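I opened this notebook to keep a record of what I looked up, one entry for each topic. The sequence and the structure come first, and my notes follow.

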Amino acid sequence: MVDAGSALPSRARIVIIGGGVIGSSIAYHLGQLGVTDVLLLERDRLTSGTTWHAAGLMTCFGSMSETSMAMRQYTRDLYARLEAETGQSTGFRPVGFIEVAGDEDRLEEYRRVAAFNRHVGLEVHEISPREVADLFPLADTTDLLAGFYVPGDGRVNPVDVTMALAKGARNAGVTLLEGVTVERVLTRGSQVIGVQTNQGDVECEIVVNCAGMWARQLGERNGVSIPLQAAEHYYLITEEMAEVHAGLPILEDPARHGYYREEGGGLMVGLFEPVCAPWAVGGVPADFSFGQITPDWDRMGPYVERAMSRVPATLDVGVRTFFCGPESFTPDLAPIVGEAPELDGYFVAAGMNSVGILTGGGMGRIVAQWIVDGRPDVDVTGINIDRLADFQLSPRYRAERTVETLGMVYAAHLPGRSMTTARGVRCSPLHDRLAAQGAYFRDVSGWEGADWYAGAGAEPTPGSLTWGRPDWFDTWAEEHRAVRDGVGIMDMSFMAAFEVTGPDAGRLLDRLSTAHVDGPAGVITYTQWLNDAGTIEADLTVTKRAEGDFLVVASDTAHGHVKAWLRRHRAGFDVNIADVTSGLCQINVQGPLSREVLQRVTSCDLSAEAFPFRAARTIDVGFARVLCARITYLGELGYELHVPSDFAAHVYEQLVEAGHESGMRHVGLKALASLRLEKGYRDYGHDIDNTDNVLETGLGFTVDWDHEFIGREALATLRDQGPSCRRLVHVRLQDPEPILHHAELVRWNGDEVGYVRAGSYGHTLGGGVGLAMIELPEVITGELLSGGTWEVDIAGRAVPAEVSLRPFYDPTSARIRM
């Protein structure tokens, strides 16, 4: 399957580094796209590292991400047909898969997952404990509530899969070489120009780092941040058992930390324990290819016993193998994929979090398409490498966070859960003051963000996670209503901020923006940035402070993407770009009484006539000078204050003192979500993404067609085609009890037409609210939506709903212009 004896070529257009399942899949899919000037370099032999010892599960059930499900389903289909194409077996056996639920929270989670998985085309059946026992007689089902059965899922041989992909790549004309170590990537400026190997240099235009658990170390040599970390991963294989046969389905019980499948006539019992052990934090040895880690029986004993208790017969037979090998995990349990923000032509596909085999085909297809087209054809906002930060490379950060991330694989995925390890890393200048107000902090892209407040001097006690109303629901409602009826203060210092200055600053930003942002000074403009295909790359504001002086503000999750987008498009423009996120503290004062509070601390006239909506000016607040923008993300009169970090505490204290008279309340991110979703404000990476265009997402109002911008031609073509059958719509539940979260199915006249992309509870509207992407058989109009019968599926229960193209709260936006 490799080109044995072949000399190292001096040039290839694309060099893939690493011959595991991911690298081999990318090579295969590039070949399928007709791109064959490709060289795959493996330092040892194909499958070395982690691929060779993978458990070989080929299961699709479990994700509520459309991208993840597409990868899994494509992968399963690919593995089923590769043998016929290449003559090399993948070992795919569709023996079926069962996920079991033994408590109410997991039952609701799996019902939600099952509904979404069916929506995207996966055959899933909810079955009784008796039916679980019929399919897997060895399992103890006495405490189970239900199982979820996927008959088409199964298992593969990871080595055979990789060899089949490699053979398919070679048959297409791709070159694969073993025994060649890439020592570093060669660059000129910010552009990849080649690779340095132990056998000489190879010139290239694009590299793809698929080095698995070595990817971080390779990336660091070129300043590319790939913060993955290897961890111990365990499975055992029992002696042969009479009741076990090759057709036994795979069983998975996350609550017992285990998965179970046939192996050599016995059972493989695999583990994802809740507290794991990082491995080789200082660096994975270069010669660790097909190695194993000495198992830690003392640490793993309780987890092993709990896992084996689901299949009690395993406790009565001998253990043939107790295996421990490394798998790499990422800070948020999502893969690291895409073009590195630091270098042009440097792609990464690593950090698979133990699902590399079952997503390998789909991942290879996505990355290959991305390289060929210059942009991905699926939503990558949750997996793009540019979502991560370089501080996450810290050995201590990786060691502490990885303890938790492996366990997250099998944790109950209830809403509101935040990572608990490696916390306190990035804090706002106001952190201690917010803590004194009883802030409950959660991880916000590595920042500490106040989610809600227990009150001054109180200790926030979040209680148990739930799909229903949390213990602090009333506190959340009070913060929400404070903004609707009075005034609230919010710390938004985690927002990304960039100064773009210089003679061509306005020309560059106009080129990037759908809106005309280089108009009069002292104006803030909400705009989108598009790619050449007319789909959305960023959702942000641009403030023109003076001629040649702009402030760009984007969400925390878009920080790296916006920074890279600016860098990649600055060529030919005389501009300076500075990341000033850490130098500014963003304090928002929002609500009908926000003007009176802010007016008490400034000499600037804030009247509607003197300081209209979208005005942005430097004002005094106490002894400080701050940029004040009259803008809102909550749907009320409000102001954003961009304060130099060294003045932040002073400005905050001035505002808090001035707010006492008006009953100003501290407001957290939970209320931000409910307020913005009542108004239908979009959030990139949650309810809009890189596959959407501004017309179908209701953002056409941001487009100024009278100027040239990236994506204009493609967008104009879509505009000229007329109204779409696909639209992002506002959803409100008519039952006041449930809360919308994410991925709930939307039905129109009984037919599934889409799902909720982002949801919350509308305390003003009195019910669950959200934004859903739907597709109907005819052009979507307000009249069509109001004439149908709408329901939202919540864990199998059909809840009546209203759907609209306009927000249910203040549809004319009169309140923000008060």
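**Entry 1: one residue and its contacts**

Before listing neighbours I wrote down what a contact is: two residues are in contact when they have heavy atoms within 4.5 Å of each other. I also noted that I am reading a predicted model.

With that settled, I looked up Glu802, which lies in strand E38, residues 797-804. Which residues is Glu802 in contact with, leaving aside its neighbours within four places in sequence? I found His730, Val731, Arg732, Gln734 and Phe808. I then checked the distance to Ser786, which is 16 residues from Glu802 in sequence, and the two C-alpha atoms are 7.7 Å apart in space.

Is Glu802 buried, partly exposed or exposed? Its relative accessibility is 29%, and because buried means under 20% and exposed means over 50%, Glu802 counts as partly exposed.

As a reminder to myself, strands of a sheet pair through backbone hydrogen bonds, and they do so either parallel or antiparallel.

I then went through some of the pairs in turn. Strand E15 (residues 258-263) runs antiparallel to E16, and six bridges join the two; in this pair, Gly258 has Leu271 of E16 as its bridge partner. Strand E16 (residues 266-271) is also joined to E13, again antiparallel, by four bridges, and here I found Tyr235 standing opposite Gly270 of E16. On to strand E17 (residues 319-329), which pairs with E13 in the antiparallel sense over ten bridges; one partner I looked up was that of Thr238, which is Val319 in E17.

**Entry 2: a closer look at E13**

How many of the residues of strand E13 (residues 229-238) are buried? I found that ten of its ten residues are. In a regular strand the side chains alternate between the two faces of the sheet, and I wanted to see how this strand compares with that rule. Gln229, Ala231, His233, Tyr235 and Ile237 point one way from E13, while Ala230, Glu232, Tyr234, Leu236 and Thr238 point the other way, and all of them are buried.

**Entry 3: the sheet of three strands**

I also looked up an open sheet of three strands, in the order E9-E10-E11, with antiparallel pairing. Its edge strands are E9 (182-188) and E11 (200-203), each of which pairs on one side only. The twist here averages 30 degrees from one strand to the next. Strand E10 (residues 191-197) pairs with E11 over four bridges, and in E11 I found Asp201 standing opposite Gln196.

**Entry 4: helix H17**

For helix H17 (residues 712-720), I noted the buried residues as Arg712, Ala714, Leu715 and Ala716. What do the buried residues of H17 pack against? They pack against strand E24 (523-530). Just after the helix, Gly722 takes a positive phi of about 95 degrees.

**Entry 5: cavities and a pocket**

The largest cavity holds about 60 Å³ of space. Among the residues that line this cavity are Ser428, His431, Phe441, Trp447, Asp491 and Phe494, and the lining divides into five nonpolar, four polar and two charged residues. Helix H10 (431-436) and strand E21 (447-453) each supply at least two residues of this lining, and E21 gives the most, with four.

I then turned to the second largest pocket, which has a volume of about 260 Å³. Its lining is made up of 19 residues, and those that lie nearest its centre are Pro415, Gly416, Leu465, Pro470 and Trp472. By class, I recorded nine nonpolar, seven polar and three charged residues in the lining of this pocket.

Technical notes
Residues numbered from 1 in each chain as written. Predicted model: local features only at pLDDT ≥ 70, side-chain atom pairs only at ≥ 80, totals over all residues. Heavy atoms only, no water. Pairing = 2+ DSSP bridges. Axes fitted to C-alpha atoms, helices over the stretch in contact; angles between N-to-C directions. Buried < 20%, exposed > 50% of the residue type's maximum accessible area, 1.4 Å probe, protein only. 1 Å grid on protein atoms, 1.4 Å probe; cavity = no way out; pocket = protein on both sides within 12 Å on 5 of 7 lines; lining within 4 Å. Points joined across faces, edges and corners; volume = space filled by probe spheres on them. Nonpolar A, V, L, I, M, F, W, Y, C, P; charged D, E, K, R; others polar.
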